[in-house]
Amino acid sequence: MNFKKGLVAVAISSLVAAPAWATNGYAPHGIGQISKGMGGVGVALPQDSLAGGVNPAGMAFVGNRMDLGAEVFRPIRGTVVGGTDRDASAKKHFLVPEFGYNRMLNDKMSVGVSVFGNGGMNTNYKMGLFGSTNSGIDLAQLFIVPTVAYKINENNAIGVGLNLAYQQFTATGLQGFGVMDPGTDSSTGAGLRIGWTGKVSDSVTLGATYQSKTKMGEFDKYNNLFAEQGDFDIPSNFALGVAFQATPQLTVGFDVMRINYGGVRAISNVQNEGGALGADNGSGFGWDDQTIYKLGLSYDYSKSLTLRAGFNHGSIPYASSQTQFNTLAPATVEDHLTFGATWKLDNGMSVTGSYMHAFENTITGVTNAQGSGAGFNNRMYQDSLGVAVSWDM
């Protein structure tokens, strides 16, 4: 048990410091390696103790369990400016740990915690793009979500989680925007997550979940960059899910999620909003709300081996007129293909692996009435490979 505690401490400390890049806008395509192998499905299909980061109600069906994992994430990103290809992938590999724990207090109630990287952005262009030094940003977000879940009856459960969030941000080489490399800043905040899941027939389970906006402290060092004087809240989202037991071996899951990027001005304000950088109406990334569709398959090949596959689609959250600012955060991927597997050992331990490929996509900048966006053609593709070890306790 001391070994497990040591691994947990390493994972949490690594999460605080590890930058991450995410795939649905700047959110992860799934939470936990099992979910990630199924395209991010999980609203109506809880399978591990990271389920509290998707739908806290699912923790009532997880049992006594601990999960510890890590993912190597490889985003290749850049832009073409004035016909010149500018690579932003000075750092190509990011290690993103995760941790979950759930304990049944009785046959109806559970308490748990899910710890994971909520997403982020990272770019690094050689000097001359937006300033006299290398230009880029680094944003990392950590969620710690303690949960309580309760079974109303044998088939239905409700749950609530407290989103405790930490984020840090660094920007360099933005002298052209009036930002003079102030260094790393951080902020903390909190929000709420609620959910329900219920089995409505022998083969069909439904789920619904809502995450409130996570109100964060301001990035004071970047009050002349982000709208509302350095404010950078984490947007709200909601999701619906269904899981269908097609055969005794095959489970099909489908989720629809809506991320409300439009509720955060630093993210949703357009490039020509009208005000100075840092003002309430200062320029932002011009992101719209994003709808994401997730489809996943899980097949029990044998008592010890489960195979998974999935597909995830979320349209680019910004228009072609907004590519200049988004050169710093070229979130252009839309389609993700995933695979995964779990091998169960005889001692109550299991090992899960997942792989994700986000197909390369480019958004070509166009000239709007004010002339912004011209010549910035942002592109990206991504791969990730993760593994998790789990214990039934």
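Which residues does Ala243 touch, not counting residues up to four places away in sequence? In this predicted model, Ala243 touches Ala44, Leu45, Ser203, Val204, Thr205, Val252 and Gly253, once residues up to four places away in sequence are set aside. The points below begin with the chain as a whole and then return to this residue.

**Overall fold and dimensions**
- The secondary structure of the chain comes to 5 helices and 16 strands.
- The chain is as compact as a globular protein of its length, because its radius of gyration of 21 Å is close to the 21 Å that the globule rule gives for 393 residues.

**Interior and contacts**
- Of the 393 residues in the chain, 54% are buried.
- Among the contacts in the chain with a separation of 6 or more, 67% are between residues 24 or more positions apart.

**Ala243 in its setting**
- Ala243 belongs to strand E10, which covers residues 237-245.
- Ala243 counts as buried because its relative accessibility is 5%, where the cut-off for buried is under 20%.
- Ser203, one of the residues that Ala243 touches, is 40 residues away from Ala243 in sequence, while the two are 8.0 Å apart in space from C-alpha to C-alpha.

Terms used:
Residues numbered from 1 in each chain as written. Predicted model: local features only at pLDDT ≥ 70, side-chain atom pairs only at ≥ 80, totals over all residues. Heavy atoms only, no water. Helix = DSSP H or I, 4+ residues; strand = E, 2+ residues; numbered from the N terminus. Rg over C-alpha atoms; globule rule 2.2 N^0.38 Å. Buried < 20%, exposed > 50% of the residue type's maximum accessible area, 1.4 Å probe, protein only. Contact = heavy atoms within 4.5 Å.
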